Every structure is written in C-alpha cells, then in structure tokens.
Amino acid sequence: MINTANSLLFEKDAKDIWKDCLSIIKENVPNITYNTWFLPIKPSEVSGTTLKVFVPNNFFIEWIEQHFNTLIKNTVSQVLGENGKLIYVILEETENVVETENNFPVEKKKTNITIPLLPKKDFDSCLITKYTFDNFIKGEGNQLARAAAYAVGDNPGQTSFNPLFIYGGVGLGKTHLIHAIGNKVLERAPEKRVIYLSSDAFTVEFVEAIQSNTVNNFSNFYKSMDALIIDDIQFLVGKEKTQDLFFHIFNTLHQSGKQIILSSDRPPKELKGLSDRLVSRFLWGLQTDIQPPDLETRIAILKNKSESYGIKLSRETLEYIAYNITSNIRELEGCLVKLLANASLTSRDLDFDLVKKTVREVSTNKQVNISIELITKIVCEYFEIEENKLREKNRRKEIVLARQIAMFLSKQLTKSSLKTIGLHFGGRDHSTVIHAHTTIEEAAKTDFKIQETLSSIKNTIELSVT
Ligand code: ADP
Ligand code: MG
C-alpha cells in the first residue's frame, strides 16, 4: 500500500517538500533556533523518498544532528514517509562523500559545477551601507582610528588589531567607522559572516534567549561570525551575565582568528563596572580614540555632506557653521539638515541671515545635551585636578569636594540615573551619589564659597554648550 505522504510526493518538488518540513520544524523549535539553524538550509533536489538539502558548512550539520536529530527524523518521516531520507550537501570545494553515524549520509560536492549559488546570507548583517570609508572624511582627530579600521576591513582577523577598540565622545564617527569596516569586509568577500549590533541589542537578545531557553543557540550564532561588530560596549557595564557570555564568545572568535570590533564612549580601563577579564581582553588588540574634529575637518565634512545633498554652500557659510558648531559631527549634520529644511519650507535662498538663525536655533537646543563627561571635565579644570582622580578612591579633601560637586551637578543637569552617575565616578553606589547631592545642597545653603564655586562651574558649562 502506498502511504499518503508517498503518493503526494509525485506532485511535489524539493522546494515544496522542504517547505512542508520547515512548517513542522517551526512548530517545534523557538524562533531564534529556527532562524539560525533551519532557515539557512535550502532544498536541492528530490529523488524518490530522498531529499537533498544545501547547508552552509559542516558545523551546521554537526549542530543539527547533535541537537535536533529526533525532530529531523520525525519530520522527514512525516513528510517523506517511513523510508524518507535527508541528505545534506555542503558547499565546499572537496568532492568526497562522508557517512555520518546516523541514517543521514553527508555528501560533499564541488560548488562550481553542479550546485546553484545559495542565497548569500541567512541573517541580516545590520550594516548601514551608506557608512563607508569613501565618505568618511580624514582629519587629525580620526587619522589613526581610520587607518586601523581600514586595515582591519582589508584583513579581518589577520592584523594585530584584534580586537579593534575605537573610543571617543558622541557624534564623532565611531558608528560610521565600524560600519565602514563591516561594509568593506563584505565588499571584498561577500560570503563572510559579518554582523553589527549595539551592546544594548546584544543584551536584549540575550535576555530573550534566557527566557526561551536558547542561550546555546544565541551564543553559537555569534560564535559563527567572521567579524563581530559591537557598538557602544559601555552599555555592558553592570550587566554581569551578559558580560560572561560575551567573554566566551569573544574567546572563541579570537582563538579562531575571527575579527572583533568594538566601540565605546571611553577607553577600556575606564569602563568601571566591566569585569577585569573582559577589560584585559580589550587590551589585547588596538585601542584608538577619535578626537573632536578641528575646524578644517569640520569644514570638509560640511562641504562633503552638503554636496551629497546636491547643494553648494559658500565658503562663508561653511566657515560660519563650522566655527559655531564645534562639539561633534552629528550636530554639524543636524544644522545642515535644519538649514535645508528651513530654506525649502520658506522657499528662501540660503542667505546668510538664515544660516545665522539656524545655527542659533541648533545651539539653543544644546542645553539638553549636557553630559556627565562634560561636567567632569569642567569641574576638574576648575579644581585643576586630573579627571581620573574623581574615579579613584582618593580621599583628599579637595578631591572629595570636586567629586561631590561633579555628582551633584550630574544629578541636577543631566537626565542620568543615580546608578549611571555612580558608574561614571569609579563605579560608586547610587547611595554615594545621593549622599554627595545632599551634602552639596546643604553646604550651598550656608557656604558662600561653595555657592560661588557652583555658579562659576555652571556658567562655564552653559557657555560651552551654547
Ligand atoms: P558616534 O557613533 O561616534 O556617536 P556617528 O558615527 O554616529 O558618531 O557619527 C555621527 C554622524 O556624523 C554620522 O552621520 C556620520 O556619518 C557623521 N560623521 C562622523 N565622522 C565623520 C567623518 N569623519 N566624515 C564624514 N561624516 C562623519
Ligand atoms: Mg555611535
């Protein structure tokens, strides 16, 4: 007697059969597992009750057989009947057939003759393609970072810049640069597995993986990368479990010569709240910073951006904007976009008054941008002490006072949580921040010198952001 599954086979091609298999598998595994391990498998051909499928590499087969053997067997027999068989074909350059220990023989074939090309990626690299080296303007502040990034893009995993750790303030081009690396790697070798994500996204995915019991899949997915790019690694501070897992992924990748690229708002040693072993790994490769762009670079960036929008600004306009907006490149761009919007909304030409008005508008929005870093910098300048003294356990009277004032102002002028503020000042507890705040608040009621100090520092802060 012919069973139903078998009789249906005559009408179905490999694609349909694999689709049926997938729909069963999908019901039985978490989404992340399905996406990671099953979606990349593509149907090849069917003959009788044997289905051939393409898999990206041997690692896939091993993993699937270790973890989903029963599921696969059941699925295959449901779809192809009791005698159903699944053969994996690896896209590799050798031509031998390997029998695995279970019922599923594994065949290896030459890619260039019989096998059509696989769709290149089974996952999204999350790279922003417009962030390239071509449109990254060189300047004194980013020269070294750019050169290192370029070298890594050329030879991922093969330079001594592994990990490549790029740090610097907001809006200075870190994200742009690390995307450029990823884009370059793929441009040279499209088959490479490259992924970009922020450390926040990494944490969120990790938490989801814990909830759905798929931490292994999660970790193996990242271990399968040729280049792993993680942005804003400072957000791992205080997240110990995520750090642990990242540590293992880091080691696996590093040991197998895969490239790791990280960005951060501060150098590794200042990432208080990050485990020592992770910080020491970050020091293995190259750490390089990006400094705020000098005037010439700011003008060059503005010129380049405006031309890419299809407009030509006068030298006077370029200089005026670049003179007045100094802190970072994101703001320069913001100003340019606003200028264009203002011009087209009122259909005015880009006259100089409009330029001035726009620069003024952009500048007054800056108050909201006061950062703990800025406060720290200005407080330290005022007291003429080094910034790291505020993070250390130094109890000298003057340093304690400076630290407390910096914490007080951070609480008053930024939207940061007590925890974040504490972390910025050497990983101190939130209760220390509260204590600092009350102390300064009380002192300011009676102590004229403190009042004067506070108002002078606040003045400087305000001047530097308007
Ligand atoms: P960060 O990640 O350091 O905060 P981004 O990489 O997001 O900064 O940069 C902010 C904006 O400035 C982006 O739109 C980026 O393209 C642009 N930018 C930064 N540096 C440069 C540069 N050297 N040349 C051209 N554009 C730049
Ligand atoms: Mg960024």
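The charged end of Arg277 sits over the ring of Phe247, 3.8 Å from the ring centre, where a charge counts as over a ring if NZ of Lys or CZ of Arg is within 6 Å of the ring centre and within 35 degrees of the ring normal. This is a predicted model, in which local features need pLDDT of at least 70 and side-chain atom pairs count only at pLDDT 80 or more, while totals for chains, interfaces and linings use all residues. Residues are numbered from 1 along each chain as its sequence is written, chains are lettered from A and ligands numbered from 1 in the order in which they are written, and side-chain values use heavy atoms, with hydrogens and water left out.

**Charge over a ring**
- Lys184 places its charged end over the ring of Tyr150, 4.2 Å from the centre of that ring.

**Aromatic pairs**
- Rings of Phe, Tyr and Trp (its six-membered ring) pair if their centres lie within 6.5 Å, with planes under 30 degrees apart counted as stacked, over 60 as edge-to-face and the rest as tilted; by this rule there are 17 aromatic pairs.
- Phe202 and Phe218 make a tilted pair, because their ring centres are 5.2 Å apart and their planes stand at 50°.
- Phe250 and Trp284 also form a tilted pair, at 6.2 Å centre to centre and 55° between the planes.

**Burial**
- Both Phe202 and Phe218 are buried, a term for under 20% relative accessible area, with exposed meaning over 50% and partly exposed in between (1.4 Å probe, protein chains only).
- Phe250 is buried at a relative accessible area of 0%, whereas Trp284, at 46%, is partly exposed.
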